[in-house]
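Biologist: I'm new to this one. Can you put it on screen and walk me through it?

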Amino acid sequence: MTKLDAVSSTNSNNPTPAQRDVCPICKGAGFVRKDVPPGHPLFGRAIPCTCKRTELLQKRRSTIERFSALGLLKHMTFETFHPDGIGLQPHQRQSLRLAYDICRQYAERPRGWLVLLGNYGCGKTHLAAAIANERLKRGEEVLFFVVPDLLDYLRAAFNPNNEETQDERFEQIRTAPLLILDDLGTHAATPWAQEKLFQIFNYRYNAQLPTVVTTNHALDEIESRIRSRLEDQSLSQIVHIKAPDYRHGRSDEHQDLSTLHLLSHMTFETFDLRAIELKGEDREKLFQAVRIARRFAQNPSGWLVFVGGYGVGKTHLAAAIANEAVAHGHEALFIVVPDLLDHLRATFNPSSPVSYDKRFEQVRRAELLVLDDLGTHSATPWAQEKLFQLFNHRYMARLPTVITMNNVETVDPRLLERMMEMKMVGAGSLIKLDIPPYRGLAKRKPHPPNM
């Protein structure tokens, strides 16, 4: 066994009362040298004494607690979580309950990666914190960071007065027995930040270390190198929480945006087929449009575009699809395009209760989005850019979308391009209702049985 000698000490043979409580190994110096022969890597090198390491560990824990949000989330446990939500629709309640059960099982025995996806306030952070608190209660080591705070924690190590180096902090994070990263994607995506996060994810991926990640973003919005590891089914379990804002207990997160509740009377049963009013090819076009709309409503997938003049039934069919989808447990957001742009503009008001980012996310990530009257909006550069961002996201993510418009010539060519591309890959249909407008010449006829 090697001997340990104090590096320096002010102690004398007659210690003062204050010196009687100092460490007997280092004599209060805090550092020691190992008694090793010349040429040994530790020869002449000062290393922290056991008492100093304990002190450094306590400081490190204090620093972590300052940057970590977990100290403020001690109340977020499985016991304080409401797994059935408040006033949720059946499919939302089922989604939240499933996420709760999976998280409880993970907390019992953390293995692999757990990725929680969902909108603002759906309960992701509470469940992630509940996992952390459960492990801490069992005496296990857990690191919990909101991603922007994690990056600040690493940056702070560059301070020359800091006792820990950036490498020491980085090593501590990437090797943690259980690491929980909240709100991935909300950080400033600088090259340095992206590189640090990739290094953390890559190390933990290769080492198969238990990791929990929450994010408001769709996975296709996450940096590609990180996304590829999150999506590895051999390691990662992805849970998509479809519940609305958990803190407000709202049964429909789109209720302040969608006008579908005003169109509840527009169903397939109330749609007028105009069997007497229309003749020949015009009648067949309308019948075919209703057949396609009904099939889409039963299993929303891809894009469905209705083109036609005023009064041909486009809005009624679009609303009927949304109402039918909701009746089958899906979420649907129905909005007239000019109204959508007004909602987005309203978020720039300092007194707006909702941020622009949250509002835009509600729309572009809606489970089923119905955009009525595209092309009737004021075609300012800002409006065109927002609509393209919306279309492009839903195109890339292949999210179910219904669009109505009067004339393709009034629509931004970039938006038309996305619609045509969806059609070309077999994920979209464009229905031209170039028929006379409804004149109400006859009462509605019942639908044929095969519709």
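Modeller: Let's start with one helix. In helix α11 (residues 356-364), Y356 and F360 are four residues apart, so about one helical turn separates them. Keep in mind that this is a predicted model.

Biologist: How are the rings of Y356 and F360 arranged as an aromatic pair?

Modeller: They are stacked. The centres are 5.7 Å apart, with 10° between the planes.

Biologist: Why quote both a distance and an angle?

Modeller: Because a pair of aromatic rings is described by the distance of the centres and the angle of the planes.

Biologist: Are Y356 and F360 buried or exposed?

Modeller: Y356 is buried, and F360 is buried too.

Biologist: Which residues form one aromatic cluster with them?

Modeller: F348 and W382 do. Together with Y356 and F360 they make one cluster.

Biologist: And how many aromatic pairs does the structure hold?

Modeller: Nine.

Biologist: Which charged residues sit over rings?

Modeller: K196 has its charged end over the ring of F170, 4.9 Å from the centre. R414 lies over the face of F388, and there the distance to the ring centre is 4.4 Å.

Biologist: Let's zoom out. How many helices and strands are there?

Modeller: There are 13 helices and 13 strands.

Biologist: What share of the protein is buried?

Modeller: Buried residues make up 49% of the 451 residues.

Biologist: What share of the contacts links residues 24 or more positions apart?

Modeller: It is 77%, counting contacts in the protein with a separation of 6 or more.

Biologist: On to the inside. Which residues touch the most other members of the largest nonpolar core?

Modeller: F306, L317, I321, V402 and L433. That core has 33 residues.

Biologist: Which elements give two or more residues to this core?

Modeller: Helices α8 (280-298) and α9 (314-327), plus strands β9 (303-308) and β13 (428-433). The largest share is from α8, with eight residues.

Biologist: Pick L433. What does it touch?

Modeller: Leaving out residues up to four places away in sequence, its partners include L286 and A289, F306 and V307, and L317. K285 and K314 are among them too.

Biologist: Where is the second core?

Modeller: It is separate and has 31 residues. I335, V337, L344 and L390 are among them.

Biologist: I335 is in a strand, I guess. What stands opposite I335?

Modeller: L371, in β11. Strand β10 (residues 333-336) and β11 run parallel, joined by four bridges.

Biologist: What pairs with β11 besides that?

Modeller: Strand β12 (residues 401-405), again parallel and with four bridges. There, L374 stands opposite M405.

Biologist: How many residues of strand β11 are buried?

Modeller: Six of the six residues in β11 (residues 369-374) are buried, so the strand is largely enclosed by the rest of the structure.

Biologist: New topic. Where does I435 lie?

Modeller: In the segment after β13. I435 is buried, with a relative accessible area of 9%.

Biologist: What is I435 in contact with?

Modeller: Its neighbours within four places in sequence aside, I435 contacts R274, L278, D282, K285, L286 and V312. Take L286: it is 149 residues from I435 in sequence, but their C-alpha atoms are 8.1 Å apart.

Biologist: R274 is on that list. What is its phi?

Modeller: Near 55°, a positive value in a residue other than glycine. R274 is found in the loop between β8 (236-241) and α8.

Biologist: Is R274 buried or exposed?

Modeller: Buried, with a relative accessible area of 4%.

Biologist: Which loop holds Q208?

Modeller: The one between α6 (191-207) and β7 (211-215). Phi of Q208 is also positive, near 55°. Q208 is partly exposed, at 47% relative accessible area.

Biologist: Last one. Where does E284 lie?

Modeller: In helix α8. E284 is partly exposed, with a relative accessible area of 43%. Its C-alpha atom is 9.8 Å from that of L273, eleven residues away along the chain.

Notes
Residues are numbered from 1 along each chain as its sequence is written. This is a predicted model: local features need pLDDT of at least 70, side-chain atom pairs count only at pLDDT 80 or more; totals for chains, interfaces and linings use all residues. Side-chain values use heavy atoms; hydrogens and water are left out. Rings of Phe, Tyr and Trp (its six-membered ring) pair if their centres lie within 6.5 Å; planes under 30 degrees apart count as stacked, over 60 as edge-to-face and the rest as tilted. Buried means under 20% relative accessible area, exposed over 50%, partly exposed in between (1.4 Å probe, protein chains only). A charge sits over a ring if NZ of Lys or CZ of Arg is within 6 Å of the ring centre and within 35 degrees of the ring normal. A nonpolar core is a set of buried Ala, Val, Leu, Ile, Met, Phe, Trp, Tyr and Cys residues joined through side-chain atoms within 4.5 Å. Contact means heavy atoms within 4.5 Å. Two strands pair if DSSP finds at least two bridges between them.
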